[in-house]
Amino acid sequence: MDDAFQPNGLTDKLGVEIDPELLSLALTHRSYAYENGGIAHNERLEFLGDSILGQAVTVHLFTRHPDLDEGALAKRRASVVSTVALAEVARAIGLGSHLLLGRGEDQTGGRDKDSILADTMEAVLGAAFLSAGADAATALVLRLVEPLMADPERYGAAMDPKTSLQELAARLGLTPPAYAVSATGPDHHRVFSATVTVGEVSRTGQGSSKKQAEMAGALAVWRDLSARD
């Protein structure tokens, strides 16, 4: 087992008792599975966790916001369950350090890729459901995403960080965001890096596509500037 895998520490952060084998499976990326003889990986649990996440967030928004119409509710739900938002949740609990990744994925920054973090977060939710039941899994979802749902401005930032950053820069009287994108790795496994700059603030995001990298970088700059706004 990978030294980075620390089920007890992660379980403590989650606040839910998850079966160790299920937790290990939830943290197993397909790249690790393929390098270790085609063992099981987390995509089935990810499928389950996606449904649990969607239902928990939908019911919460519906019951807590009787004043919002269907369109507004759908927009808020989409932002909370987006890849960017889930990756933010995953980083908040240090999920990246626990991932079981293949060597190549690990060496190309897989532990901090939005897509991998978001997918693994969903797999962990699936494991929590199977281990502790529906109520515990729902409570876990709401506890993890509460910071996003409590801050309305994050809805726009998580869904469309590039537009949100452009609007924030204009409001602060700063120059429009500048994007510098580069890529490394072979064609079948490209890793994109986007350095986003607004004024004196510059941050770099990574992703498996140019768009993902730009969104990650834009959200990082948006966070910094929002703290100063």
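This is a predicted model: local features need pLDDT of at least 70, side-chain atom pairs count only at pLDDT 80 or more; totals for chains, interfaces and linings use all residues.

**Exercise 1.** Classify Arg223 by its accessibility, then identify its salt-bridge partner and state where the two residues lie.

*Solution.* Arg223 has a relative accessible area of 28%. Buried means under 20% and exposed means over 50%, so Arg223 is partly exposed. Its partner is Glu88, with the closest N and O atoms 3.5 Å apart. The pair links distant parts of the chain: Glu88 belongs to helix H6 and Arg223 to helix H12, 135 residues apart. Glu88, at 16% relative accessibility, is buried.

**Exercise 2.** Determine whether Glu214 and Lys162 are each buried or partly exposed, and describe how they pair.

*Solution.* The two side chains form a salt bridge with an N to O distance of 2.7 Å. Because Glu214 is in helix H12 and Lys162 in helix H11, this contact ties together parts 52 residues apart in sequence. Glu214 is buried at 9% relative accessibility, whereas Lys162 is partly exposed at 29%.

**Exercise 3.** Assign Lys113 and Glu105 to an accessibility class.

*Solution.* Lys113 stands at 5% relative accessibility and Glu105 at 8%. Both values fall under the 20% cut-off, so Lys113 is buried and Glu105 is buried. Their side chains meet in a salt bridge at 2.4 Å, N to O.

**Exercise 4.** Describe the residues that line the largest cavity.

*Solution.* The space in this cavity is about 30 Å³. Its lining includes Leu53, Leu86 and Met121. Helices H6, H8 and H9 each supply at least two lining residues, and H9 gives the largest share, 3 residues. By class, the lining comprises 8 nonpolar, no polar and no charged residues.

How values were computed: Residues are numbered from 1 along each chain as its sequence is written. Side-chain values use heavy atoms; hydrogens and water are left out. On a 1 Å grid over the protein atoms alone, a cavity is a set of points where a 1.4 Å probe fits but cannot get out, and a pocket is an open set with protein on both sides within 12 Å along at least five of seven lines; lining residues have an atom within 4 Å of a point. Grid points are joined across faces, edges and corners, and a volume is the space filled by probe spheres set on the points. Helices (H or I, at least four residues) and strands (E, at least two) are DSSP runs, numbered from the N terminus. Ala, Val, Leu, Ile, Met, Phe, Trp, Tyr, Cys and Pro count as nonpolar, Asp, Glu, Lys and Arg as charged, and the others, Gly among them, as polar. A salt bridge is a side-chain nitrogen of Lys or Arg within 4 Å of a carboxyl oxygen of Asp or Glu. Buried means under 20% relative accessible area, exposed over 50%, partly exposed in between (1.4 Å probe, protein chains only).
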